[in-house]
Each structure stands twice: as structure tokens, then as C-alpha cells.
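Please consult the sequence and the model shown here while reading.

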Amino acid sequence: GVTHTHNNKKQTTTQHTNKTQTQTQTNMLLSLQRQQRRLHDEINQLFKTAFPTWLNLMVSRLPWLISLRFVGVMGADELAAAALSSTLFNVMALSIAEGLTSALATLTGQARGDLLVVFNNNNNKNKQQQQQQ
């Protein structure tokens with residue numbers, strides 16, 4: 001009788017430990033899935049913000065490349081002159097414009113982040129007020 005009761009206690013303790021371990025593993029898996037979902041959402045938001053800037057940078061280079069291609073057909077001297085003029089233009093004008101554009105892209109991202117924080121805080125306050133009522 002005593003041995004049988006002792007074995008039952010061991011089995012109960014082992015079952016409880018197994019359940020606790022299973023719950024811990026399940027909680028860890030759910031936490032990992034939540035983190036992966038948040039990372040996925042963050043990457044999507046980043047892509048939505050960055051893609052227009054990237055597209056602008058790529059498209060803004062097309063006229064320059066097409067012009068150089070046409071001038072290159074005319075001859076080597078003409079191509080050298082066009083390349084030199086476009087280099088000077090890049091140094092004097094486009095560098096300023098690119099600097100302003102990249103600064104604007106940074107500020108736009110920061111402003112969007114600030115708006116999302118304010119929006120989320122307001123939603124949380126509204127939910128708390130509704131729950132209190």
C-alpha cells in the first residue's frame with residue numbers, strides 16, 4: 001500500500017512537471033510567433049515608407065543614362081564632354097538636392113513614427129475609458 005501510494009505521487013509529480021514544461025514550451029512558441037509577426041509587420045511598414053524614395057532615386061537616374069547612351073553613339077569626344085558636364089552638374093546641383101531629399105526622407109519617417117505613437121496612445125486611452133464605463 002505504501003509503495004503504491006509513493007509511486008502514484010511520483011507519477012502525479014512527473015505529470016505535473018511534464019504539463020508545466022509543455023505549457024512553458026507553448027508560451028515560448030507563442031511569444032516567438034508574436035515576435036516574428038511584429039518583425040514582419042515592421043518590415044512591411046518600412047518597405048511602404050522606403051519604396052517611394054528608392055523608386056525616385058532609380059527613376060531620376062534614367063534620363064542621365066539615356067542621354068549618355070545617345071551621346072556615346074556620336075563619338076568618344078562627345079561622350080567625354082557629356083560625362084564631364086554631368087559630373088559637374090552632379091557636384092554642383094544634384095548633391096544639394098539629394099542631401100535635401102534624404103533629409104526629408106528621414107524627417108518624414110520620424111514624423112510618421114511619431115504620429116503612429118500618438119495614434120496608438122490615443123487608441124489605448126479610448127479603450128481604457130470605454131472599459132471603465
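## Aromatic cluster

Two rings of Phe, Tyr or Trp are taken as a pair if their centres lie within 6.5 Å, the six-membered ring being used for Trp. In this predicted model, 2 aromatic pairs are present. Phe 47, Phe 51 and Trp 54 are joined by ring pairs into a cluster.

Phe 51 belongs to helix α1, which covers residues 2-74. An α-helix has 3.6 residues a turn, so residues three or four places apart point the same way.

## Nonpolar surface patch

The residues of the ring cluster, Phe 47, Phe 51 and Trp 54, also contribute to a nonpolar surface patch of about 1,200 Å². Other members of the patch include Leu 55, Met 58, Leu 62, Trp 64 and Phe 70.

Is Phe 51 buried, partly exposed or exposed? Phe 51 has a relative accessible area of 34% and is therefore partly exposed, since this class lies between 20% and 50%.

The secondary structure of the chain consists of 2 helices and 0 strands. Helix α2 spans residues 76-132, a run of 57 residues. From its first C-alpha to its last, α2 reaches 78 Å, close to the expected 84 Å. A bend of about 45° occurs in α2 at Leu 94.

Of the 133 residues in the chain, 4% are buried. The chain exposes about 11,600 Å², of which carbon and sulfur atoms supply 63%.

Note on methods:
Residues numbered from 1 in each chain as written. Predicted model: local features only at pLDDT ≥ 70, side-chain atom pairs only at ≥ 80, totals over all residues. Heavy atoms only, no water. Helix = DSSP H or I, 4+ residues; strand = E, 2+ residues; numbered from the N terminus. Expected span 1.5 Å × (residues − 1). Bend = angle between axes of the 7 residues up to and from the residue. Patch = residues over 30% accessible without salt bridge, like charges linked within 9 Å, V, L, I, M, F, W, Y side chains within 5 Å. Areas by Shrake-Rupley, 256 points an atom, 1.4 Å probe, with all protein chains shown as cover. Salt bridge = Lys/Arg side-chain N within 4 Å of Asp/Glu carboxyl O. Buried < 20%, exposed > 50% of the residue type's maximum accessible area, 1.4 Å probe, protein only. Phe/Tyr/Trp six-rings, centres within 6.5 Å; stacked < 30°, edge-to-face > 60°.
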